[in-house]
Amino acid sequence: NTYTDLDLIENETAFEFTQRIAGANDIGFDFKEYSGLGILVTKIGDKTNGEVDMFWQYWVNNRSPEIGADQYLVEAGDAIMWKFLKYQGQ
């Protein structure tokens, strides 16, 4: 789904923004918080992390940020995209 021209709340993170939009549009959304590491989105819609070795990743303006979605502050004009991608390993 694509949502455009959404209201932005000051100092809202990409995680908070996504959680708010998912809730307002009755989209399944779940996450897990890891002490010292932050929040990991585990489910959006009907797709859950680990299914066929795929996991949720967020992108901003067509790039994958080097910080978690719970740390990235959304700015006006940002394009936030969540992708369900195959795990690439390290």
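1. (Buried means under 20% relative accessible area, exposed means over 50%, and partly exposed is in between, with a 1.4 Å probe and protein chains only.) E12 has a partner, R20, and their side chains meet in a salt bridge at 2.8 Å, N to O. R20 is partly exposed, with 28% relative accessible area. How many salt bridges does the structure hold? The structure holds one. (The criterion is a side-chain nitrogen of Lys or Arg within 4 Å of a carboxyl oxygen of Asp or Glu.)

2. A word on the ground rules. This is a predicted model, where local features need pLDDT of at least 70 and side-chain atom pairs count only at pLDDT 80 or more, while totals for chains, interfaces and linings use all residues. Residues are numbered from 1 along each chain as its sequence is written, and side-chain values use heavy atoms, with hydrogens and water left out.

3. Now the sheet. Three strands make an open sheet in the order β1-β2-β3, with antiparallel pairing. β1 and β3 stand at the edges with a single partner strand each, so one side of each has no neighbour in the sheet. (Strands are DSSP runs of E, at least two residues, and helices are runs of H or I, at least four, numbered from the N terminus; two strands pair if DSSP finds at least two bridges between them.)

4. Take β1 and β2 next. Strand β1 covers residues 29-34, and six bridges join it to β2 in an antiparallel run. Strand β2 itself spans residues 38-44. F31 has V41 as its bridge partner in β2, and K32 stands opposite L40. What lies between the two strands of this hairpin? Three residues do, and in the turn G36 has a positive phi of about 85°.

5. On to β3, at residues 47-48, which pairs with β2 over two bridges, again in the antiparallel sense. Here K43 stands opposite T48. The hairpin of β2 and β3 has two residues between the strands, and G45 takes a positive phi near 65°.

6. K43 and F29 are 14 residues apart along the chain, yet their C-alpha atoms are separated by 5.2 Å.

7. F29 also turns up among the rings. A search of the whole structure finds six aromatic pairs. Why is the pair of F29 and F31 called tilted? The ring centres are 6.3 Å apart and the planes stand at 45°, so the pair is tilted. (Rings of Phe, Tyr and Trp, the last by its six-membered ring, pair if their centres lie within 6.5 Å; planes under 30 degrees apart are stacked, over 60 edge-to-face, the rest tilted.) Ring pairs link F29 and F31 with F15 into a cluster. F31 is partly exposed, at 32% relative accessible area.

8. One more ring to check: K83 lies over the face of W59, at 3.7 Å from the ring centre. (This needs NZ of Lys or CZ of Arg within 6 Å of the centre and within 35 degrees of the ring normal.)

9. At the surface, Y34, L37 and L40 form a nonpolar patch, with about 300 Å² of accessible area together. (Patch residues have over 30% relative accessible area and no salt bridge; nonpolar side chains are joined within 5 Å, like charges within 9 Å.) L40, already met in strand β2, counts as partly exposed because its relative accessibility is 35%.

10. Most residues other than glycine have a negative phi. D5, however, has a positive phi near 50°. D5 is found in the segment before α1 (14-24) and is exposed, with a relative accessible area of 78%. Where does D26 lie? D26 lies in the loop between α1 and β1. Its phi is positive too, near 55°, and D26 counts as exposed because its relative accessibility is 75%.

How values were computed. Areas by Shrake-Rupley, 256 points an atom, 1.4 Å probe, with all protein chains shown as cover.
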